Amino acid sequence: MSSAPTPQAVREIADGYAFTGPALDLGAVLLDGTAYPDAPVRIPLGVLNRHGLVAGATGTGKTKTLQLIAEQLSGQGVPVFLADVKGDVSGVAAPGTPSERTSARAAEVGQQWAAQGCPAEFYSLGGQGAGIPVRATVTSFGPLLLAKVLDLNETQESSLSLVFHYADSKGLELYDLKDLTAVIAFLASPEGKEELKLIGGLSAATAGVILRALTVLENEGAGAFFGEPEFDTAELLRTTPEGRGVVSVLELPAVQDRPRLFSTFLMWLLADLYQELPEVGDLDRPKLVFFFDEAHLLFKGASKAFLEAITQTVRLIRSKGIGIFFVTQTPRDVPSDVLAQLGNRVQHALRAFTPDDAKALKATVSTFPRSSYDLGAVLTTLGTGEAVVTVLSEKGAPTPVAATRLRAPQSLMGPIEAGALQAAVDASPLTARYRDPVDRESAYEKLAARAPRPEAAPTGAADRPGQEPVPEPSPERREERKEGVGGLLGSLLGNPTVKSFARSAGRQLGQEISRSLFGTSKRRR
């Protein structure tokens, strides 16, 4: 800890962080390599719904910054969502390990360090990997998000939206991927084309592209992410009886080779929260802070409609009491319309080894308010666990730019043991609710039931070009039917599994589902 007088420049910066209300402590102002513990750098709780950015090169300490913020939010009664892409965030649930390095860091920044873990729940996409399974129905996921997962172009995205429109209006529930495949196959058939005449058509070529993309997705094991029981995002808003916020950790190491899928799934969680939560305006503390890791994956290759939906969701969800922190390497990874809404910034070190690195560094410096620092030099010389910070004050104005030595997390800086993680999952009351998949009657079964039955002659076949009526069924006729709707479904989807869950009465849709910015449906309770 420095005993030298605090420089005037440091005192001026510290004055910009002297908040009167509840706040999170990030660290101490750093000047010329010296940290000044009497000049704390903080973020007011009340501005966390104005969103934020945590950026920096690989290995500069972004994950530890998330952990530091998450455990303080939890302690102040704010639930947190963390995406654990690399598998090293689970330690937030366990007390940290004291060490000389931790003690030295605490002394440098004026931190009273004490080992402490957070109440945590662990989730996994579709049950792949350790964690409570998180699933979404296809109809809830919506066409825009699914088009992003399938890497469809804008024309194909429009066609997929038409498929959802038809399924919604006809009461064909899209719970899992085989339901969607069934509807597309039907709409590409002669009977389906006839039904689409008044609202547009689905070309065979486009249907083929979408079906092939669905097949690839299914073969990658992503089918487990779609289905029931659908995850209720209200689970992310829980607090303990003692008033601590629950930290929800989505374990993603098992699916990190499918970045488009998990990044889009994170966006579904946000879109569903936006749909379900009431307007609350500005609160003294947020209802939830959501950390969106590997954010660049969400924006890469996104359609114009998708980017517009992200921008609107980010802009509007703050009035629902939700704060979002995008986590990525440089601000350039985030579209400018989204970046403009991120009022709180924690920028870790950047590298300038190549011309592209230098360009990214220059662009990053240009996004900060003016300051007395030479930010180009500071950002390339920061050490691990150091960052340049600017946040919104309690009045909503940007604080002075502050080079900061960050505090050490009090929870375990690394993953907990696999056995401890599994024990936490097994002990959770949510496991029984979401563990076992449910397969109800839906579009697949309804369309399969519309196919001609073997014991009855097909009606009206003579009126359709290219089809000859057959007076009675025969083994040969059954083979021919493989060219019709029922056969096509069978060849595409295989045999349906035995249904183990009776369909609820009164669940017939009968009218088109109301959809949000992303085309996600409102939750039906």
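**Architecture and local features of the predicted model**

The protein has 20 helices and 12 strands, where helices (H or I, at least four residues) and strands (E, at least two) are DSSP runs numbered from the N terminus. This is a predicted model, in which local features need pLDDT of at least 70 and side-chain atom pairs count only at pLDDT 80 or more, whereas totals for chains, interfaces and linings use all residues. Residues are numbered from 1 along each chain as its sequence is written, and side-chain values use heavy atoms, with hydrogens and water left out. Of the 525 residues of the protein, 54% count as buried; buried denotes under 20% relative accessible area, exposed over 50%, and partly exposed the range in between (1.4 Å probe, protein chains only). With contact defined as heavy atoms within 4.5 Å, 78% of the contacts between residues at least 6 apart in sequence join residues at least 24 apart.

The strands of a sheet pair through backbone hydrogen bonds, in either a parallel or an antiparallel manner. Here, two strands are taken to pair if DSSP finds at least two bridges between them. An open sheet of 12 strands has the order β2-β1-β12-β11-β10-β3-β9-β8-β4-β7-β5-β6, and its pairing is mixed.

Strands β1 and β2 pair in the antiparallel sense over eight bridges, and L24 stands opposite I43 in β2. The two strands form a hairpin with two residues between them. D32 lies in this loop, between β1 (23-31) and β2 (34-44), and has a positive phi near 55° although it is a residue other than glycine. At 75% relative accessibility, D32 counts as exposed. Strand β2, in turn, has eight of its 11 residues buried, so it is largely enclosed by the rest of the structure.

Elsewhere in the sheet, three bridges join strand β10 (residues 344-347) to strand β11 (residues 386-390), and the two run antiparallel. R345 stands opposite T390 in β11. Q347 is also found in β10 and counts as buried, at 1% relative accessibility. When neighbours within four places in sequence are left aside, Q347 is in contact with A55, G56, Q329, P331, T364, F368, L379, L382, A387 and V388.

Among the helices, α5 (residues 143-150) has eight of its eight residues buried, so it is largely enclosed by the rest of the structure. The buried residues of α5 include the charged-class residue K148. Helix α5 is followed by D151, whose phi is positive, near 60°. The axes of helix α7 (residues 177-187) and helix α18 (residues 443-450) come within 7 Å and cross at roughly 35°. This contact is made by K178, D179, A182, V183 and F186 of α7 and by A443, Y444, E445, L447 and R450 of α18. By class, the contact has six nonpolar, no polar and four charged residues, with Ala, Val, Leu, Ile, Met, Phe, Trp, Tyr, Cys and Pro counted as nonpolar, Asp, Glu, Lys and Arg as charged, and the others, Gly among them, as polar.

Two further backbone features occur in loops. A cis peptide bond, with omega about 0°, joins E228 and P229; P229 is placed in the loop between α9 (204-219) and β7 (247-251). E294, in the loop between β8 (288-292) and α11 (296-299), has a positive phi of about 50° although it is not a glycine. At 22% relative accessibility, E294 counts as partly exposed.

Cavities were identified on a 1 Å grid over the protein atoms alone, as sets of points where a 1.4 Å probe fits but cannot get out. Grid points are joined across faces, edges and corners, and a volume is the space filled by probe spheres set on the points. By this rule, the count comes to one cavity of 30 Å³ or more, and about 30 Å³ of space lies in the largest cavity. The lining, whose residues have an atom within 4 Å of a point, consists of L45, G46, N49, G281, D282, L283, R285, P286 and G321. These residues divide into three nonpolar, four polar and two charged.

Technical notes. 1 Å grid on protein atoms, 1.4 Å probe; cavity = no way out; pocket = protein on both sides within 12 Å on 5 of 7 lines; lining within 4 Å. Axes fitted to C-alpha atoms, helices over the stretch in contact; angles between N-to-C directions.
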